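I opened a notebook page for this structure.

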Amino acid sequence: MKSRMLSLLALFSALSAVGAMIKIPAIVGSVAFDVFPALLAAALLGTGGGAIVGAFGHLLSALISGFPLGPMHVLIALEMAFLVFLFGVLYKKNKKNTAGILFILMNSFAAPLPFIILMSKEFYVALVPSLLIGSMINCVLAIVAIPRLRALFKQNLINEDVKL
């Protein structure tokens, strides 16, 4: 079972790498489809697996963009891991709409709040629209795809959770 889970995590991480190459026009070049596979992983493989894929996916997206925010991408990766973990917890409790709405709002408005202190209020305001659009697209795609992909996964794998 562990090798299968590891293989699936690698698969979702690879999908996240592909998504990281599909950019959404933004003030910063790291808004991409890297979180879509992480949201899938959180619902299908467990919250821990989704968090790992979310953090790794963001770092890949930032790497492809040349790390425009430097070491702050580590903070963003940790935020992404937390948000994907939270999405997975709510989704597994059958609160799908709440999971989606909370993910979109927190990823768009709460996660970039440290940039007000680290950069400026203007940077935050300029970043929010593209984050909102990217979050909405990623989340809607995931919520539509999860039920269709669930049939491909055995029930015992879905109920398992990756330990962080």
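I looked up Glu79 and asked: is Glu79 buried or exposed? Glu79 is buried, because its relative accessible area is 17%. Here buried means under 20% relative accessible area, exposed means over 50%, and partly exposed lies in between, with a 1.4 Å probe and protein chains only. The residue Glu79 is in helix 4. Helices (H or I, at least four residues) are DSSP runs, numbered from the N terminus. I set aside neighbours within four places in sequence and found Glu79 in contact with Ala111 and Pro114. Contact means heavy atoms within 4.5 Å.

I noted what I am working with. This is a predicted model, where local features need pLDDT of at least 70 and side-chain atom pairs count only at pLDDT 80 or more, while totals for chains, interfaces and linings use all residues. Residues are numbered from 1 along each chain as its sequence is written, and side-chain values use heavy atoms, with hydrogens and water left out.

Next I checked Leu44, which is in helix 2. Leu44 counts as buried because its relative accessibility is 0%.

Then I turned to the cores. A nonpolar core is a set of buried Ala, Val, Leu, Ile, Met, Phe, Trp, Tyr and Cys residues joined through side-chain atoms within 4.5 Å. The largest one has 29 residues, and Phe12, Leu39 and Phe103 are among those with the most contacts inside it. Helices 1, 2, 4, 5 and 7 each supply at least two residues of this core. Which helix gives the most to this core? Helix 2 does, with 7 residues. Apart from this core lies another, of 10 residues, including Val31 and Phe115. I wrote down a general point: in soluble globular proteins, nonpolar side chains tend to be buried together.

I followed Leu39. Not counting residues up to four places away in sequence, Leu39 touches Val84, Phe87, Phe103, Asn138, Cys139, Ala142 and Ile146.

Rings came next. Phe87, Tyr91 and Phe103 are linked into a cluster by ring pairs. Rings of Phe, Tyr and Trp (its six-membered ring) pair if their centres lie within 6.5 Å.

My last stop was helix 7. Helix 7 has 30 residues and reaches 41 Å from its first C-alpha to its last, close to the 44 Å expected at 1.5 Å a residue. That expected span is 1.5 Å times one less than the number of residues.

Methods
Phe/Tyr/Trp six-rings, centres within 6.5 Å; stacked < 30°, edge-to-face > 60°.
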